[in-house]
Amino acid sequence: QAQLVESGGGLVQPGGSLRLSCAASGFTLDYSAISWFRQGPGKEREGVSCIIRNDGTTYYSDSAKGRFTISRDSAKNTVYLQMNSLKPEDTAVYYCAATIYTPYSGSWARPYEYQHWGQGTRVTVSS
């Protein structure tokens with residue numbers, strides 16, 4: 001059974017860094033992309049970043065550009081989200097999600113494009 005497991009969340013001070021991990025296993029159909037989404041208190045789920053499996057193309061939300069970096073370790077079937085210069089508004093539950101379809105710049109941030117979701121990891125940015 002396909003499974004995504006996130007880890008790496010926690011409490012960090014403003015300006016600090018965290019690295020989230022998303023380990024994928026049990027996929028009978030190869031996924032085409034993995035993305036990170038987040039949902040803050042009282043907010044809708046929003047796309048943060050995406051990485052395409054076959055060629056490593058990446059996409060970022062405006063709020064993530066310049067501060068977050070998505071990467072992958074194909075041998076470990078793991079995707080990472082390095083988050084630097086964290087702000088209180090980055091506080092959210094972060095989810096990774098996988099899709100069997102190849103997203104493009106206009107579709108990667110749509111939650112309904114993804115078939116598999118992890119359970120989420122909480123990130124709190126506070127002093």
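A salt bridge here is a side-chain nitrogen of Lys or Arg within 4 Å of a carboxyl oxygen of Asp or Glu. Arginine 67 lies in the loop between β6 (58-60) and β7 (68-73), and aspartate 90 in the loop between β8 (78-83) and β9 (92-99), so the pair ties together parts that are 23 residues apart in sequence. Helices (H or I, at least four residues) and strands (E, at least two) are DSSP runs, numbered from the N terminus.

This is a predicted model, in which local features need pLDDT of at least 70 and side-chain atom pairs count only at pLDDT 80 or more, whereas totals for chains, interfaces and linings use all residues. Residues are numbered from 1 along each chain as its sequence is written, and side-chain values use heavy atoms, with hydrogens and water left out.

Is the pair buried or exposed? Arginine 67 counts as buried at 12% relative accessibility, and aspartate 90 counts as buried at 0%. Buried means under 20% relative accessible area, exposed means over 50%, and partly exposed lies in between (1.4 Å probe, protein chains only).

The pair also belongs to a network of salt bridges that links Arg38, Glu46, Arg67 and Asp90. Arginine 38 counts as buried at 6% relative accessibility, while glutamate 46 counts as partly exposed at 33%. In general, side chains of opposite charge can pair when their charged atoms come close. The model has 6 salt bridges by this rule. Another of them joins glutamate 113 and arginine 110, at 3.5 Å from N to O; glutamate 113 is partly exposed at 23%, and arginine 110 is partly exposed at 28%.

Let me stay with arginine 38, whose place is in strand β4. Its side chain also makes a polar contact of 3.3 Å with the side chain of serine 63. A polar contact is a pair of N or O atoms within 3.5 Å; within protein, one must be able to donate a hydrogen and the other to accept it, and residues adjacent in sequence count only if both atoms are side-chain atoms. Leaving aside neighbours within four places in sequence, arginine 38 is in contact (heavy atoms within 4.5 Å) with residues including Phe68, Asp90 and Tyr94.

I turn now to the strand itself. In β4 (residues 33-39), 6 of the 7 residues are buried. Which strands pair with β4? Strand β5 (residues 46-52) runs antiparallel to β4 and is joined to it by 6 bridges, and β9 pairs with β4 in the antiparallel sense over 7 bridges. Two strands pair if DSSP finds at least two bridges between them. Alanine 33 stands opposite isoleucine 52 in β5, and phenylalanine 37 stands opposite tyrosine 95 in β9. The hairpin of β4 and β5 has 6 residues between the strands, and there glycine 42 takes a positive phi near 70°.
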